[in-house]
Each structure stands twice: as C-alpha cells, then as structure tokens.
Amino acid sequence: MTSDLERKAYEFAQELQYTLNQTICRDVRLRAVQRPFESVPVFTVGSGLSRSNLTQPTGFPVRIDNKKPRAWMSLSYQVHMDHEAKYLTVHKSYCGIFSDEVLETCLCHFDYEREKDKYTSAHLQVHGVSPALQQLNPPGKEKRPLDKLHFPVGGRRFRPSLEDIIEFLVCEELVEAREGWRRVVEEGRERFQKNQLRAAMRRNTAIVEEFMREQEKKA
C-alpha cells in the first residue's frame, strides 16, 4: 500500500520534472525513492535513482535540443512528513551547476540543510578566485577559497526555489530556454511561495490572529 509520504514525494518529483522539461531541459526523469536505514521515513528525489542506487542522484544535461549541452545540473532533495504527519517537508536540498558531465567543474551550488548549525540553513556557494577574500581571510589561519563561503539566501522560509535558479540561468545566458519558460517559472514560484507562506502561518498563528484583528479594525 502506498503511504501518504510516498505519494506526496512522487508528486513532488513529478512537479520538479515538469518544471525542468518545460523550461531548460528535455527528457529529464526524476524519481522518489525511500532512503534506507533512516529512523523516520525519508525519500530522496533526484535523477538516476533506482533500486541499486537509493541515495545518490546523478547529474543531467541542461539543454532543450540535441546540441551538446553547455551546462549540467545536479539536483537532490530529501523529504519527509512534518511533525503533524500532514505536510511534505524538505529536510535537505542541493542544486549544483556544472560545465562538465562528470560534475567536476562547478560554477555554484544552492544548498538547504534544515538542521544546519554553523552556517545559515539556506546558502549559496560560488566557485572561483576572489582577491578580496584573500585579503579578508584572518591572519595566521588557513586561506579559505571562495567556494568555502556560505552566502545566506533567504533562510528556511524564503530560500530560492528551483524556479529562481532556472530564471538565473536563463537571464544570465548560461543556458537556452523553451518558449513560454517564464510562465512556467512564475507559476511554479507562486506555488512555492504560497506553500512557504502557509507553513509560516501554521507555525506563527499568534501573528496571523494579530494581523486579522488589525485588518478588522481597518474595515
């Protein structure tokens, strides 16, 4: 029997797959598979998952035709049900942009780790050389490269969505997009933001009640 988590994880994978294939990709296939040995049920969503590969999604080309791709994407989500066992929750996510099929040459990656302690849970890491960073690194300590900095990007509720990353790639002319890509991005972004807003409201009912009282006074 299919669990509620399995069904929601499958639907989430299909939504991401649709967004990619309607904007900057062709024939990408995403699956949701249950991770082994977890204390609570957790599903991994990504490309290249199978019974023999339950935890490590593979990269895929970012292209809309048969031309040699300029970019490759590595996309991974770990999802489970929230503490109320009602809503699907992203525990971790990763989206890396690469220039090669074996995913060795990275431009940047967007990460989200719900239980992150040392760094902000949602962050961006950029690969490159920064003379400014070399000057700013603390004296007497190991000189950190640029890709070791964790740039905050909105926190748990307002972190970038896949649609934001797609828009970045298209607008910066790093990839080509299908006709009508912007409509798909805007619709997906609106769904994501509504879901995040609902989650924030569920966790902050006192603020919601205060807002409603203020609106009633204005009416």
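Mentor: Some ground rules come first. This is a predicted model, in which local features need pLDDT of at least 70, side-chain atom pairs count only at pLDDT 80 or more, and totals for chains, interfaces and linings use all residues. Residues are numbered from 1 along each chain as its sequence is written, and side-chain values use heavy atoms, with hydrogens and water left out.

Trainee: How many helices and strands are in the chain?
Mentor: Helices (H or I, at least four residues) and strands (E, at least two) are DSSP runs, numbered from the N terminus. From that terminus on, the order is α-β-β-β-β-β-β-β-α-β-α-α-α. The chain therefore has, by these DSSP runs, five helices and eight strands.

Trainee: What percentage of the residues is buried?
Mentor: Buried means under 20% relative accessible area, with a 1.4 Å probe and protein chains only. The chain has 219 residues. The buried share of them is 41%.

Trainee: At what angle do α1 and α3 pack, and how are they oriented to each other?
Mentor: Two packed helices are described by the angle between their axes and the distance between the axes. Axes are lines fitted to C-alpha atoms, for helices over the stretch in contact, and angles run from 0 to 180 degrees between N-to-C directions. Helix α1 (residues 4-21) and helix α3 (residues 162-171) have axes 11 Å apart, at an angle of about 15°. Because angles under 35 degrees count as roughly parallel and those over 145 as roughly antiparallel, α1 and α3 are roughly parallel.

Trainee: Which residues of α3 meet α1?
Mentor: Contact means heavy atoms within 4.5 Å. On the α1 side, the residues are Leu 16, Thr 19 and Leu 20. Their partners in α3 are Leu 162, Glu 163 and Ile 166.

Trainee: Are α3 and α4 roughly parallel or roughly antiparallel?
Mentor: Helix α4 (residues 181-203) packs against α3 with the axes 9 Å apart. The angle between α3 and α4 is about 150°. The orientation of α3 and α4 is therefore roughly antiparallel.

Trainee: Which residues of α4 meet α3?
Mentor: From α3, the contact takes in Glu 163, Asp 164, Ile 166, Glu 167, Val 170 and Cys 171. The residues on the α4 side are Trp 181, Arg 182, Val 185, Gly 188 and Arg 189.

Technical notes: Parallel < 35°, antiparallel > 145°, perpendicular 65-115°, else oblique. Buried < 20%, exposed > 50% of the residue type's maximum accessible area, 1.4 Å probe, protein only.
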